[in-house]
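This report goes through the model below from overall confidence to individual residues. Please keep the structure in view while reading.

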There are 2 protein chains.
Amino acid sequence: MNKERIYSWLGTRKNPAPSLDMILQPVSSDLRKVEKLLRTWSEATSPVIMHMAGQVISSHGKLIRPGLLLLLAGYLDYRGNKKLQTAATVEAVHMASLIHDDIIDGSPTRRGQKTAVRVFGPGFSLLLGDYFFIKSIKNSLAVSSQKIPLLLAEATEQMIEGEMEELAQSYNFDLTESQYLQIIRKKTAGLFEATCEIACTIGHAPPKEKSVMLAYGLNLGLTFQVVDDLLDLAGNPAETGKDRFSDLREGRVTLPIIVALKNCGSGMRNRLKTALEKVKLKPEEKNFSQLLRLLEESRTLELTYAQAEELAEKARKAALKLKPSVYRQSLIELVDFVLSRKK
Amino acid sequence: MNKERIYSWLGTRKNPAPSLDMILQPVSSDLRKVEKLLRTWSEATSPVIMHMAGQVISSHGKLIRPGLLLLLAGYLDYRGNKKLQTAATVEAVHMASLIHDDIIDGSPTRRGQKTAVRVFGPGFSLLLGDYFFIKSIKNSLAVSSQKIPLLLAEATEQMIEGEMEELAQSYNFDLTESQYLQIIRKKTAGLFEATCEIACTIGHAPPKEKSVMLAYGLNLGLTFQVVDDLLDLAGNPAETGKDRFSDLREGRVTLPIIVALKNCGSGMRNRLKTALEKVKLKPEEKNFSQLLRLLEESRTLELTYAQAEELAEKARKAALKLKPSVYRQSLIELVDFVLSRKK
């Protein structure tokens with residue numbers, strides 16, 4: 001399967017969504033304040049931290065998690081200032097985990113720029129990740145006495161657990177779909193869910209809306225990860241800002257692989273396993289391409305995308321249980337964005 | 001300077017102290033409970049974490065920090081249960097930082113055993129360190145609503161800052177004593193001081209006793225680090241449980257180096273700088289030995305030890321301001337232990 005076909009396949013995905021900027025427009029002024037707040041995090045006493053933290057913060061990401069928190073706070077008509085601090089906190093936890101992930105994976109690029117580990121080396125970036133983890137919990141303690149820091153610490157703990165379990169399953173091509181879902185629930189969806197729970201906490205969501213919002217966050221997070229898996233195989237590095245095949249290179253068995261092995265006949269399964277073993281032994285472009293051809297033959301990308309759509313549908317259905325409002329509209333469109341995103 | 005002479009020099013240090021077990025005897029039953037509590041931390045939902053955390057916890061260290069917390073709690077006649085949880089928490093932060101330090105340094109051994117990074121690899125041990133950091137804050141939130149988690153997060157933040165500053169000063173042979181002291185205050189003494197402040201918080205120490213205890217913790221921590229620097233040069237690996245010269249190997253400019261460069265004439269300074277550059281370029285046994293000979297010629301170990309003694313004296317004086325009791329006696333002896341420790 002040549003690159004053009006892969007990229008064009010991604011282009012044919014249903015649900016083209018508005019741009020993220022448009023989706024987050026109802027909270028855009030708050031989101032700018034969150035960015036500003038994050039920049040103050042780099043104003044440490046130490047010049048070395050100021051320099052490094054500043055660089056990482058300025059290469060900011062999509063800000064989906066803080067955006068999500070602000071949309072929910074908007075829906076709940078929360079007018080206080082806790083939303084800005086907590087939104088920054090959630091993003092900082094995410095940043096910390098990316099910095100550490102890039103060390104573990106040895107990733108050269110992220111968001112189209114060199115990763116922290118490439119710029120500062122493993123020692124500094126390890127400590128920088130630690131710094132953001134601790135700083136986020138510390139700052140959340142300034143906002144709330146116990147509930148929010150606890151939610152954040154629990155989500156972070158889950159995230160780390162998920163990553164450890166994933167690492168323990170490296171190159172286990174017998175990983176089941178349910179094991180996979182358990183891992184991505186912990187490593188990715190948990191922080192989305194916690195982001196929603198934090199919004200519910202500061203916004204005093206009624207129990208019924210809270211359970212709807214948690215279901216929304218969980219399924220949005222799961223969708224996010226499955227699409228991430230697809231982008232690693234079929235994304236355009238010029239758009240994703242990171243190298244392809246990093247999952248396979250690190251031995252991460254993602255949903256497309258599981259789907260391919262599950263849905264094919266024994267002949268194809270043998271060919272797939274042979275191709276996977278080749279990739280494991282020699283993670284080279286040639287072997288990746290061969291594997292991709294087999295995945296294409298077995299319609300894996302489409303089948304996996306269908307699963308992402310099912311998860312997205314659950315998130316959408318949850319959002320539709322909320323009262324109509326501009327915020328609800330954005331939540332629905334956010335699902336479409338996550339599903340159709342190219343980066 | 002041959003090894004035997006170095007070890008025997010260490011043996012001639014003044015203030016031979018009772019064993020740590022004897023010093024911590026007034027709190028020994030609580031300390032066993034803390035160890036037991038720490039073991040429950042490895043009982044995670046995930047088998048991979050249970051296995052790894054369990055192994056790290058079982059290779060337990062000297063437990064000086066939890067011991068210190070329990071001694072102060074004893075002195076303050078605190079009878080509640082918060083002391084056990086918080087003592088475990090402080091030790092877990094310490095453990096997390098050691099796990100990450102060993103990754104940064106690539107240290108092969110610690111406490112006479114293989115380091116986590118050698119046993120589990122860098123990915124797992126990075127995540128394991130994260131896990132202990134987050135778990136400690138999370139558990140402290142279960143004990144206290146805000147004050148103790150905040151003290152712990154602040155001390156951890158300081159520790160990470162100190163380590164980053166130290167890394168930024170690698171191979172800077174012009175590092176001043178005051179820069180050095182600022183670094184070790186953050187990276188080592190801060191957690192000792194925070195341990196004391198946590199004890200003061202749970203034990204409701206009167207302001208005067210609190211300030212005495214903080215001064216004690218700070219100076220005990222500084223002493224601890226200076227002795228650590230000496231042991232890295234002159235300790236017996238069979239006793240310290242870790243390799244010699246790891247500071248120099250990682251470019252850490254420690255107090256003995258600063259003292260040597262400061263107190264010698266220009267001829268010796270040039271010889272020292274040449275020897276240091278050699279060690280930097282080729283961190284080999286031969287070059288370490290040559291540098292050690294020069295340090296011996298300039299009486300560096302003795303001069304550095306004298307500074308450790310001064311810091312220890314400050315800690316001792318602080319302790320003497322407390323009311324006489326078995327706990328105070330142990331605090332005084334703990335200073336002697338830290339000063340004369342061989343591991």
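## Confidence

The model is predicted. The predictor gives the complex an ipTM of 0.92 and a pTM of 0.93. For chain A, the mean pLDDT is 91, and 95% of the residues reach 70 or more.

## Overall fold of chain A

Chain A contains 17 helices and two strands. Its radius of gyration is 20 Å, close to the 20 Å that the globule rule gives for 343 residues, so chain A is as compact as a globular protein of that length. Along the principal axes, the C-alpha atoms of chain A fill a box of roughly 60 × 50 × 30 Å.

Of the 343 residues of chain A, 52% count as buried. Among contacts in chain A with a separation of 6 or more, 74% are between residues 24 or more positions apart.

## Relation of the two chains

Chain B is superposed on chain A by a rotation of 180 degrees with 0.0 Å of shift along the axis, at an RMSD of 0.0 Å. The two copies are therefore related as by a two-fold rotation axis. In chain B, the C-alpha nearest this axis belongs to B:Ser145, and it lies 2.8 Å away.

## The interface

Chain B gives 35 residues to the contact, and chain A gives 35 residues. On the side of chain B that touches chain A, the elements giving two or more residues are α4, α6 (82-105), α7 (116-143) and α8 (147-168) of chain B.

In soluble globular proteins, nonpolar side chains tend to be buried together. The largest nonpolar core in this model has 224 residues, and those with the most contacts inside it are A:Leu72, A:Leu128, B:Leu72 and B:Leu128. Helix α7 (residues 116-143) of chain A gives the most to this core, with 14 residues.

Apart from its neighbours within four places in sequence, A:Leu72 is in contact with A:Cys196, A:Ala199, A:Gly203 and A:Met213.

## A mostly covered helix

Helix α13 (residues 255-263) of chain B has seven of its nine residues buried, and is thus mostly covered. The buried residues are B:Leu255, B:Pro256, B:Ile257, B:Ile258, B:Val259, B:Ala260 and B:Leu261. The elements that cover them include α9 (177-202), α10 (207-234), α14 (266-281), α15 (285-297) and α16 (300-320) of chain B.

Most residues other than glycine have a negative phi. Two residues with a positive value are described here.

A:Phe245 is not a glycine, yet has a positive phi of about 65 degrees. A:Phe245 sits in the loop between α11 (237-240) and α12 (246-249) of chain A. With 18 other C-beta atoms within 10 Å, A:Phe245 is partly exposed.

B:Leu63 has a positive phi near 60 degrees and is found in the loop between α4 (47-58) and α5 (64-75) of chain B. B:Leu63 has 23 other C-beta atoms within 10 Å and is buried, because 20 or more is the cut-off.

Definitions and conventions: Residues numbered from 1 in each chain as written. Chains lettered and ligands numbered in written order. Predicted model: local features only at pLDDT ≥ 70, side-chain atom pairs only at ≥ 80, totals over all residues. Helix = DSSP H or I, 4+ residues; strand = E, 2+ residues; numbered from the N terminus. Buried ≥ 20, exposed ≤ 12 C-beta atoms within 10 Å, placed from the backbone. Least-squares fit on C-alpha atoms with pLDDT ≥ 70 in both. Contact = placed C-beta atoms within 7 Å. Core = buried A, V, L, I, M, F, W, Y, C linked by C-beta atoms within 7 Å. pLDDT = per-residue confidence, 0-100. Rg over C-alpha atoms; globule rule 2.2 N^0.38 Å.
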